[in-house]
Amino acid sequence: MCDTCGCQLHEHHQHDHKVVEVNQSLLEANQRQAASNRRHIEQMGAVAINLISSPGSGKTTLLERTIDALKDTVRIGVIEGDIETERDAERIRAKGVPAVQLTTGGACHLDAPMVHGGLHVLEHFAKGKLDLIFIENVGNLVCPATFDLGEHQRVVLLSTPEGSDKPAKYPATFRSADLVLITKIDLLPYFDFSTDEVTQQTLLLKPERQIISLSATTGDGFDQWLDYLRNLPAR
C-alpha cells in the first residue's frame, strides 16, 4: 500500500515522480537556452518579439503589413513556427525580408533550442544585420505561454471572431503578454465581441498592460502598433 495516499497502485506514484523531474529538467534547459538566445539577439543589435495567438488570428497578415510599413527604415527578420509547411515563410519572403520556417512536426509550440537553430540560419541570410526579429509562434493559446524563447517582448493577438472571453479562459497566456493586440476589428459589426470585456479581463490579470485594437485589412489602429515598435528600446 502506498504510504502517501493509501492506494494499492504504488507504481503510478513512481511514474508521476519521473514525469515531474523530466518536465522540470526540460524547462530548466529551455530557460538556459532562452537566456543564451537573448544574448545572441542583443549581440546582433536586434530586438525580438514573440507573437502568440490562436490559429487564424492574423499573425502573418499583421507581419506582412508591418513589413510594408517599416522595411525601408527597419531591418526585419522573421522566424516562423508551424506544425507543417513553409507557407507562412513564403509569404514573408515575398515581402523581401529574410524568413526561416521552423516546423515542429506535431508539437504545439516553439521552444528555445528550436529558435536557437533558427537564429543562426536567419543571421546567415540577413548577414547579421537586423533591428527587429519577429518570432511567429505555433497557433495555440496554451503551450507557447510556458516557453521563453529568448524574446524581449511577448505580444498576444486576439481576433474578434474568437470571442472576448479568451483572457478569462486562458489567463496564463494573457498574463505573460507585454502587449495585447485585438485584431480584425473591421469584423466587429458581425460578431458578438466586447472590447470592454477584453480590456477589463486583461487589466485584471496585469494592470499595466497595453492594449491596441487594429485591423491589418483597413489599417485602422495600425499607426499605434507601428509607434509601439518604433519606441522599443534599442539593444
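Helix 2 and helix 8 lie roughly perpendicular to each other (a label for angles of 65 to 115 degrees; under 35 is roughly parallel, over 145 roughly antiparallel, and the rest oblique). The model is predicted: local features need pLDDT of at least 70, side-chain atom pairs count only at pLDDT 80 or more, and totals for chains, interfaces and linings use all residues. Residues are numbered from 1 along each chain as its sequence is written, and side-chain values use heavy atoms, with hydrogens and water left out.

Start with the crossing. Helix 2 spans residues 59-70 and helix 8 spans residues 222-230. Their axes come within 11 Å and cross at roughly 70°. Axes here are lines fitted to C-alpha atoms, for helices over the stretch in contact, and angles run from 0 to 180 degrees between N-to-C directions. Helices (H or I, at least four residues) and strands (E, at least two) are DSSP runs, numbered from the N terminus.

Which residues meet at this crossing? Helix 2 brings Leu-62, Arg-65, Thr-66, Ala-69 and Leu-70. Helix 8 answers with Phe-222, Trp-225, Leu-226, Leu-229 and Arg-230. By class, the contact has seven nonpolar, one polar and two charged residues.

Now follow the core. The largest nonpolar core holds 28 residues. Such a core is a set of buried Ala, Val, Leu, Ile, Met, Phe, Trp, Tyr and Cys residues joined through side-chain atoms within 4.5 Å. Buried means under 20% relative accessible area, exposed over 50%, and partly exposed in between (1.4 Å probe, protein chains only). Phe-134, Val-155, Leu-181, Trp-225 and Leu-229 have the most contacts inside this core. Elements that each supply at least two of its residues include helix 2, strand 5 (153-159) and strand 6 (179-183). Helix 8 gives the largest share, five residues.

Leu-181 shows the packing. Beyond its neighbours within four places in sequence, Leu-181 is in contact (heavy atoms within 4.5 Å) with residues including Leu-62, Val-155, Ile-212 and Trp-225.

Turn to helix 3, which holds Ile-92. Ile-92 counts as buried because its relative accessibility is 0%. Leu-63 is 29 residues away in sequence, yet 7.6 Å away in space, C-alpha to C-alpha. Among the residues Ile-92 touches, leaving out those up to four places away, are Leu-63, Ile-67 and Val-78.

Finish in strand 3 (residues 99-103), at Val-100. At 7% relative accessibility, Val-100 also counts as buried. Its C-alpha lies 4.9 Å from that of Ile-79, 21 residues apart along the chain.

How values were computed:
Nonpolar A, V, L, I, M, F, W, Y, C, P; charged D, E, K, R; others polar.
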